[in-house]
Amino acid sequence: MNTYITKPVLIGLAVICATLVGADFLRDGHGYFSFENWPLIYCAIGFVVYGVLIILAKGLRVLIERPENYYGDLAIDSEPEPGMGPIAPEKSGVPHD
Amino acid sequence: MIPQAIISQLPILQVIVPLIAAPFCALLGGRNRAWALAFAVSLVTFAISAMLFASTLDGTVLSYQLGGWAPPIGIEYRVDALNAFVLLIVSGVGALTMLYARESVAYEIDERHHGLFYSAFVFCMTGLLGVTITGDAFNVFVFLEISSLSTYALVASGAKRDRRALTAAYNYLIMGTIGATFFVIGLGLLYMITGTLNMADLAHKLVEHGDSRTLRMGFAFIVVGFGLKLAMFPLHLWLPNAYTHAPSAVSAFVSATSTKVAVYLMLRFLFTVFGFSIPFEVDVLRTIVLPLALIGILAGSIVAVFQEDLKRLLAYSSISQIGYMLVGITLLTPGGLMASIIHLFNHAVAKAALFMVAGAYVMQAGTSTISDLRGVGRDMPFTTAAFVVGGLSLVGVPMTVGFISKWYLVQAALEQGWWPVAGLIVLSSLVAFAYVWRFVEAAYMYPTPDGVIRREAPLTMLIPMWIFAGSSIFFGLNASLTSAAASRAASGLIAASSLIWQ
Amino acid sequence: MPETLPEQVPNQLADLLIFIGGHYNYWMVIVLMMIGLYITISRGNLVKKIVGLNIFQTSVFMLYISMGKVAGGTAPIITGNPDEVYSNPLPHVLILTAIVVGISTTALALALVVRIREAFGTIEEDEILTIERDLEFPAQEASK
Amino acid sequence: MTDYFMPSLIYFAAAAIVPFIAAPRLRATFMLAVPFAGFASFATMAYGTYAFMPFFDFNLKIFRLDGLSFIFGLIFSIAAFISIAFAWHIRDRLEQVSSLVYAGAAIGAVFAGDLITLFVFWEGTAIASALLIWARRTPGAIATTMRYFTFQIASGLLLFIGIVLFYRDTGSVAFQHMELDSLGTWLIFLAFGFKCAFPLMHNWLQDAYPAATPTGTVTLSAFTTKLAIYALARGFAGTEFLIYIGAAMSLFPVFFAAIENNLRRVLAYSLNNQLGFMVVGIGIGTPLALDGTVAHAFVHVIYKALLFMSVGAVIYRTGTAKVSDLGGLWKYMPWTMAFCIVGSLSISAFPLFSGFVAKSLILSATASSGHIWVWMALVVASVGVLEHAGIKIPYSMFFGHDRGWKVKEAPLPMLLIMGFAATLCVLIGVFPQTLYALLPYPVEYEPYTADHVITQLQMLFFAALAFALLIRFNIYPAEYRSINLDFDWVYRRFLPNVLRVVTHYVTVIWRVYARFADRRIERALMVIYRAHGPQGALARTWPTGSMVLWIAILLGITLGLAYL
């Protein structure tokens, strides 16, 4: 899944994040709650919450994951998804993996 | 737009026109000439009764003195909301049955008797109209006998198809005559104590007279007499054979009108003449008529479920439906009365349609036994559809006029606190559904036995059938028409009687 | 019988006798009516039933006529003598119509009996009933 | 005739005509004109109640126009336009008619002045949307439709019972603010909750939307849920209970969406999450919060339709919407990718996009009314939105693994409508005042404060950074063919098993009882038959004599009574 997240992409992202950290002092800090005005709080929220969220999701997946034909043949997941009418003719590549 | 001279003569014309035309039907004889005259006359009488109905809409009571004699002495014809409504039903059914009769009679009665048949038919109609319109008690007896005698002859004319029609007519004659004679005895007793025969006058005199044994005897004789005429439960034994073996046109006409006119008479005498001035009258209704009516409702419909012949099934269903009307009367409340009057209309319309359907089967399929009529739903779609509609109206399915009458009946019964009666009415509707379903199942669910070919009924039979079936739905949908007429009639009756309402 | 009747018993008895005597025609009406009904109920023969019916109807005629009787009044037929006392004409007129109705009913009934005789070959009611039952349930008869 | 007019009549009339137009092109253009005619019919009208219809002894207000219903009418017309345009290439008359009826019923419900009309159209949306799913005509879709339809009709039934009870308690059926005090209002509240996908009642959304045809899902995404939001906003604004429901609703779908394989189900979870935001807004009930809900509903319809359309386009070309089968389409479907990215940025409330101006209203309303924990939940939820809708949708479709798809770009009509939706999102993002002017209550909120923009950007980019790192170190959940159980497991697998066991025992007991009862019933029937059958005493032809005997007996009884 990582053919596209190459080194330059990462560097670019890091640069944007750095500028945003720099811009943090621009905030005149009149948020509703006290902790909103802490420096870099939103950067932390963004990063930490995202990570935790993904890990929790992977944990949940272990519990509730089932094979596609779990509900038998009368479920849309186990039947081929015909999309709109005949599968578009030009499709030549076959999905693998 | 009709000249005033004619309008004032309408009540007498209603009776005279068919009376004079009847013998001519016999004279004309011949294939369709007798039928044409009879049909024309029935249309004219229908027009007259429509005009009468229109003129009594605003509550006016038309009165016509025969020969200009003042009422207590002379015979007076009084037309108020109630009998205008019944007149309309009788002449309406008469006209449509006459149209229906053309093909049906041609098949069931042989050529030579057509003239006589139609004259008897018109006489019967004259009698029924006369009974409904007259305000003089003894005149009721005379017209009653006219209609009864012609009905016996009509029933007997079914002998070409089945000789049991003769014994049926004979039984009907014996029972009918005894009933009429009971009525005359009762009338004599009333005449003894009041000295008058005019109904309105009779009512006043009876109230002044108060309670006495002769009055009670008179009341008893009259109630039993009418009970017999309208086939109240134990006195119904003549009806099944009469309606089954009579020619279909006759059973259609008679089933829809003669018992209804008898119910009208019961209403007229109970409320206008006797007016429940003495408690005895209420006791008789509550202790004798009500239980018999309830037994009639149940027994009639249960027996109908087991019947093999369609016309006999419909006859027994008539007995149970008449039970509903009697229950409506014995409730003695405006709601109950209204229910029985609407049911009078509903049963007339539905039963006429059903018997016409049976007649169409007799003509096209040669039989009216249910097992032989398997798969008739496909061969004769319109006729069977009319049966379904009529049957549903009989059962009282919403959107049919039957529902409205049953609705008012149950409501009136509940107001009175008679839970068991209301329950029984609903239960018997279920049984009614059973016997309607029995035929519908045979007609649609089973394949046509091979080798049997049945063509759809001719148009002259389909039109009246569908006018009846259609009107049972039409009046079911906008219920205001019939219920307005019925409530006018009911309030008129209640006002005339000395029953006091909260 | 107690040795001496109490004083007032006799005139009670007398009134009773007068009452019964005086209304002998009403008794006649009731007797006739019961006879008529009995004949119609019990006799199997159709013609006899009609006879019973007629008797029953005549009892009604008797009732009406006796109702209209004015003491000393003659039959309500005008005799030209002005101070003639007539009994009440109305019941008589009613009964005229009733007689006409009675006759026509009997005529129709007899015609029916003739046709039944041709169709069934008998006018005994129980025989007719057995014939009718055979007509109605031929199959069951055999199977029962 | 005018006093019966209401905008949805135009949709129903069109739905009646459409099946008879033979040429597919002509039919599509005719359908396209319907939303415009619908909107034009009420656009220039002043606020007020117009059409009345007598119904038994009620006088139904079937067309009521006021601030709240106007903006929902507008957004439903736009949604109708988008979904009809996207279905330009569709030939199937059933889908076309049902989408028209669906839009008409939704608009009718929005303009309903009283509960009875609302109920009628409520059921209308249920039936039309079920037909829309059914239009796919595969066995799986038909089975799903049955489940979906049961849920929708259950909601309708609850609403109906609620209305009846409400009418009995208060004697009025007017559709305006209701307190959650009586059983009637609770049932109505639950009915709205069903269609608003409250927790534990939400799974018809994720179960049914992926089952519809790609064009059908776009139509579905707009109407049912937003109608429920409108109903809640109209009926239960300010109910405390809704805030916590909303918070829960916005949180749990995030986890399911992150691991879901079918993209349309991811979007369904995201829809559920967005509804959570709106429900919180309704719960708070302050004018700012309600404005936030309405604004959010408005923009959500557009960008959710945009996302569904982009996924639909991908399905149209590749035939699948599964992450495990998609990837690397950016070379072949650049325009779809661009529009998809616009949609994703809007949904994740990226500044200069429509989500930013609407969601911030709700967030600030929550914060200003002091619900700290709810505000925290919403912040976590918005990060979650960024994760599954902002990143996962575009990334897995256009980047991710290269599955070797070589497909053509989406057909022109699809691209045009996606472009229209994308521009709409950007316009609202850039000029929020256009949207704020339409909102029911006057808005003095300035979204573009430096502080707000910076904090939003920080949050988004750091989350993106986290995503990049997770991908880099391969912690990001892999995609392979699988489904995730949700609440629907209860009624698709658990209850049927329980039922099977119960029926087994019941049949055993019934068989024992039947043997015992049969003899008794048999005997009773025989007795009835013997009495009433053709030879029975009651039905036999009696000799005349006995008939007359009966008359004499009856006469005797009545006369005897005379002497009592």
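The model is predicted, and the predictor gives the complex an ipTM of 0.72 and a pTM of 0.66. Chain D has a mean pLDDT of 89, and its contact with chain A takes 70 residues from chain D and 59 residues from chain A.

**Chain D as a whole**

- Chain D holds 20 helices and five strands.
- Of the 564 residues in chain D, 58% are buried.
- Confidence reaches 70 or more for 99% of the residues of chain D.

**Where chain D meets chain A**

- Chain D brings 70 residues to this contact, and chain A brings 59 residues.
- On the chain D side, the elements giving two or more residues are helix 6 (139-170), helix 10 (240-258), helix 12 (287-318), helix 14 (354-368), helix 15 (372-398), helix 18 (450-472) and strand 5 (483-484).
- Helix 18 of chain D gives the most to that side, with 19 residues.
- Sorted by class, the side of chain D that touches chain A has 41 nonpolar, 18 polar and 11 charged residues.

**A helix pair across the A–D contact**

- Helix 2 of chain A (residues 41-64) packs against helix 15 of chain D at an angle of about 70°, and their axes are 10 Å apart.
- Angles of 65 to 115 degrees count as roughly perpendicular, so helix 2 of chain A and helix 15 of chain D are roughly perpendicular to each other.
- From helix 2 of chain A, the residues making the contact are A:Ile45, A:Gly46, A:Val49, A:Tyr50 and A:Leu53.
- Their partners from helix 15 of chain D are D:Val379, D:Val380, D:Val383, D:Gly384 and D:Glu387.
- By class, this helix contact has seven nonpolar, two polar and one charged residues.

**A strand pair across the A–D contact**

- Strand 1 of chain A (residues 65-66) pairs with strand 5 of chain D in the antiparallel sense, over two bridges.
- Within strand 5 of chain D, D:Ile483 stands opposite A:Arg66.

**Where chain C meets chain D**

- Here 10 residues of chain C are in contact with eight residues of chain D.
- On the chain C side, helix 2 (24-42) and helix 5 (125-136) each supply at least two residues.
- That side of chain C has four nonpolar, two polar and four charged residues.

**C:Ser66 in chain C**

- C:Ser66 lies in helix 3 of chain C (residues 46-68).
- C:Ser66 counts as partly exposed because it has 18 C-beta neighbours inside 10 Å.
- Neighbours within four places in sequence aside, C:Ser66 is in contact with C:Asn25 and C:Tyr26.
- C:Val29 is 37 residues from C:Ser66 along the chain, and their C-alpha atoms are separated by 9.3 Å.

**Two loop residues of chain D with positive phi**

- D:Ala349 sits in the loop between helix 13 (334-347) and helix 14 of chain D, and its phi is near 60°, a positive value in a residue other than glycine.
- With 27 C-beta neighbours inside 10 Å, D:Ala349 counts as buried.
- D:Asn474 sits in the loop between helix 18 and strand 5 of chain D, and phi of D:Asn474 is near 60°, a positive value in a residue other than glycine.
- D:Asn474 counts as exposed because it has 9 C-beta neighbours inside 10 Å.

Methods:
Residues are numbered from 1 along each chain as its sequence is written. Chains are lettered from A and ligands numbered from 1 in the order in which they are written. This is a predicted model: local features need pLDDT of at least 70, side-chain atom pairs count only at pLDDT 80 or more; totals for chains, interfaces and linings use all residues. Two residues are in contact if their C-beta atoms, placed from the backbone, lie within 7 Å. Helices (H or I, at least four residues) and strands (E, at least two) are DSSP runs, numbered from the N terminus. Ala, Val, Leu, Ile, Met, Phe, Trp, Tyr, Cys and Pro count as nonpolar, Asp, Glu, Lys and Arg as charged, and the others, Gly among them, as polar. Two strands pair if DSSP finds at least two bridges between them. Axes are lines fitted to C-alpha atoms, for helices over the stretch in contact, and angles run from 0 to 180 degrees between N-to-C directions. Angles under 35 degrees count as roughly parallel, over 145 as roughly antiparallel, 65 to 115 as roughly perpendicular and the rest as oblique. pLDDT is the predictor's confidence in each residue, from 0 to 100. A residue is buried if 20 or more other C-beta atoms lie within 10 Å of its own, exposed if 12 or fewer, and partly exposed in between; C-beta atoms are placed from the backbone.
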